[in-house]
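Work through the exercises below with the model open. Each task is followed by a solution in steps.

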Amino acid sequence: MTAIQVETKGQQKVAFITGGNGITGNAILEYLVTKTTAEEWSKIIVTSNSPLASTIEDSRVVFIALDFTQDSQKLIKQMQTVCAETTHTYFSSYVHRDDFRELNYANERLFENFLLAITSIAPNLKNITLQTGGKYYNVHIQPASNPLREDHHRAVSKSENFYYAQEDFLKDYQKNKNWTWNVIRPQAIIGSTYKPNGMNSALSFALYFLICKRSGTKAPMPTNSSYWEGYDDMAYAPLIADLTIFVSTQPRCANEAFNCTNGDSVCWKYFWPQLATYFGIDPADASSQLTVTEPGDGDVQQPFSFASWAKDKRPVWDKLCEETGSASSKKTFDCGTWQFQDWVFGRTWSALLSVSKARRYGWTGYMDSFDSFIATFDELVRQGIIPPPAARQ
Ligand SMILES: NC(=O)c1ccc[n+]([C@@H]2O[C@H](COP(=O)([O-])OP(=O)(O)OC[C@H]3O[C@@H](n4cnc5c(N)ncnc54)[C@H](OP(=O)(O)O)[C@@H]3O)[C@@H](O)[C@H]2O)c1
């Protein structure tokens, strides 16, 4: 504890959050605005590719739109006035592609351009925290030993996983510098955004259950028996923000990567019916039916895909929004991240991340996973993204 006080006392910090419209960046912004004082964090600079969608108000917040596909020299010109005071920076910009090769290509450069620019213009820099994720362990493609720890060996070459490239670039570039690095690796993020993004489980589930309820159909989970009976964990976005700020401001956590999950695990066979019940669906109508007999390494199986299911559901959603006086939620139909969810639910293996390391370093954050979904659904209603609870009657 002494080390923390030494670092924070008397030193105002200036945050620079990237991906401010995203599921992670928005959570970090809300965390700093609602849980910290101007004595601790004097300024909170936020960037996103498009104008900031958050309605959060705090005189400390300064927004700048930046496109990190531009080379660092161009970025330096745009950032040098607004971002020069940065002490702590949080990178959660991300370009989603459903094709894994395209995903790697799009994200590698994004981080490099950002890193070269911020390190050139911020002389008081103390920490750069990069968010990667469970895909670091290649669990989106093949099984790995559970629970996965931060020092797990790399499953593929650097060119096949952009997280390796991003993390290596950060660590190599930090050598002999007087700032520190951290990496946060969350599991599937449960949270809300004001803008559509590429991976949003809670929003996709809400759309699915509400449409099934409105149509009077069953709501099976589009997965196979191995995944259905297996275990999973997830990470609530505000909890990720909590860990991120914790590790990036504590000297003892310097230059380390940390997994992030809620701290519990769920078995889908029980959890999916619980979520269905929340949306007024009989849990008996929410089971999965595809039996996997002999899954091979990396075998993917689904009884049906979310992406094809969603194709003809827009009229149902529109009608539901009209009937519940929530016409502004109609556009939410385009925010379902069906293909991402299909990658996940097609897997015939479970993947769990260990959070023992974060615990060992003193982090005590925890969130019940069911509660993380309910809190997120409530937030989606509050923001007018999904209709109010009457839609579940
Ligand atoms: N979402 C999940 O379930 C999940 C799970 C585990 C790990 N992760 C990882 O967490 C990291 C952050 O992902 P996320 O899901 O939080 O992101 P996200 O919600 O998809 O948000 C992405 C952010 O990046 C910004 N962005 C996109 N293109 C950009 C560009 N060219 N220049 C600058 N900014 C750009 C977006 O800006 P605009 O919206 O303004 O265009 C948005 O603010 C990624 O590495 C991701 O793989 C995510």
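**Exercise 1. Find how confident the predictor is in the protein chain, and where care is needed.**

Step 1. The mean pLDDT (the predictor's confidence in each residue, from 0 to 100) of the protein chain is 93, and 96% of its residues reach 70 or more.
Step 2. Residues 1-8 have pLDDT below 50. Beyond near neighbours in sequence, this stretch makes nine contacts in the model, a contact being heavy atoms within 4.5 Å.
Step 3. Where pLDDT is low, the predicted coordinates should not be read in detail.

This is a predicted model, in which local features need pLDDT of at least 70 and side-chain atom pairs count only at pLDDT 80 or more, while totals for chains, interfaces and linings use all residues. Residues are numbered from 1 along each chain as its sequence is written, and side-chain values use heavy atoms, with hydrogens and water left out.

**Exercise 2. Describe the interface between domain 1 and domain 2.**

Step 1. Assign the parts: domain 1 is 2-188 + 236-260, and domain 2 is 196-233 + 264-350 + 367-392. These bounds come from an automatic or database domain assignment.
Step 2. About 1,600 Å² is buried between the two domains, with carbon and sulfur atoms giving 58%. Buried area is the accessible area (1.4 Å probe) that two parts lose on being put together, summed over both.
Step 3. On the domain 1 side, Asp98, Pro143 and Tyr236 lose the most area to domain 2, together 33% of what that side buries.
Step 4. Look for polar links: five residue pairs, both at pLDDT 80 or more, are in polar contact between the domains. A polar contact is a pair of N or O atoms within 3.5 Å; within protein, one must be able to donate a hydrogen and the other to accept it, and residues adjacent in sequence count only if both atoms are side-chain atoms.
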